[in-house]
Amino acid sequence: MSEELSAYEKIWQTVSNIPYGRVATYGQIARLAGLGKRARMVGYALHRTPEHCTIPWHRVINAQGRISFPPDSDQYRRQRDRLIAEDIPFVAERVDLKRYRWRPGIDEAPEMYFEDD
């Protein structure tokens, strides 16, 4: 159990680093947390997040850019509303991962490091 808890703590810490206005996939979080391809573990960890934690769980979506909750559920609506509040739009119920995916190290860099498009 302590190994699982430490893996969950790594996941929670990684999710805590996703900046406002960005999303990450379950698989991406698993890799960044040093857990390889354990994307399902990310889902389990988010489900078991202690109530007192305020990690931005809503910024984690699936690899297709979709919310993993059933579309007619309260959880789906809550996650979608939170993402929209962060100016992350949905097109056909998907987030554009090319535009809104968190890129650690790049997203945190000052804008002067980016060339104009």
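User: Which does D74 count as, buried or exposed?
Analyst: D74 has a relative accessibility of 52%. This is a predicted model, in which local features need pLDDT of at least 70 and side-chain atom pairs count only at pLDDT 80 or more, while totals for chains, interfaces and linings use all residues. Residues are numbered from 1 along each chain as its sequence is written, and side-chain values use heavy atoms, with hydrogens and water left out. Because buried means under 20% relative accessible area, exposed over 50% and partly exposed in between (1.4 Å probe, protein chains only), D74 counts as exposed.

User: At what N to O distance do the side chains of R77 and D74 meet?
Analyst: Both residues lie in helix α4, three residues apart, about one turn of the helix. R77 is partly exposed at 38% relative accessibility. The side chains meet in a salt bridge (a side-chain nitrogen of Lys or Arg within 4 Å of a carboxyl oxygen of Asp or Glu), and for R77 and D74 the N to O distance is 2.7 Å.

User: How many residues apart are E93 and R80, whose pair links distant parts of the chain?
Analyst: The side chains of E93 and R80 meet in a salt bridge, N to O, at 3.0 Å. E93 is in the loop between α4 and α5, whereas R80 is in helix α4. Both partners are partly exposed, E93 with a relative accessible area of 32% and R80 at 22%.

User: Over the face of which residue does R80 lie?
Analyst: A charge sits over a ring if NZ of Lys or CZ of Arg is within 6 Å of the ring centre and within 35 degrees of the ring normal. R80 lies over a ring face at 4.7 Å from the ring centre, and the ring belongs to F90.

User: Which residue forms a salt bridge with E86?
Analyst: The closest N and O atoms of this salt bridge are 2.9 Å apart. The pair links distant parts of the chain, 27 residues apart: E86 is in the loop between α4 (74-85) and α5 (97-100), and its partner in the loop between α3 and β2 (60-61). E86 is buried, with a relative accessible area of 7%, and the arginine is buried at 10%. The partner of E86 is R59.

User: What is the angle between the planes of Y8 and W12?
Analyst: A search of the whole structure finds one aromatic pair (ring centres of Phe, Tyr or Trp, its six-membered ring, within 6.5 Å; planes under 30 degrees apart are stacked, over 60 edge-to-face and the rest tilted). Y8 and W12 form this tilted pair, 6.0 Å centre to centre. Four residues apart in helix α1 (residues 2-16), they are separated by about one helical turn, and both are buried, Y8 at 7% and W12 at 11%. The angle between the planes of Y8 and W12 is 55 degrees.

User: In what order do the elements of the protein chain run from the N terminus on?
Analyst: Helices (H or I, at least four residues) and strands (E, at least two) are DSSP runs, numbered from the N terminus. The secondary structure comes to five helices and two strands. From the N terminus on, the order is α-β-α-α-β-α-α.

User: What percentage of the accessible surface of the protein chain belongs to carbon and sulfur atoms?
Analyst: Of the 117 residues in the chain, 38% are buried. Accessible areas come from the Shrake-Rupley method with a 1.4 Å probe; for residues, only the protein chains shown count as cover. The accessible surface comes to about 7,900 Å², and the share belonging to carbon and sulfur atoms is 50%.
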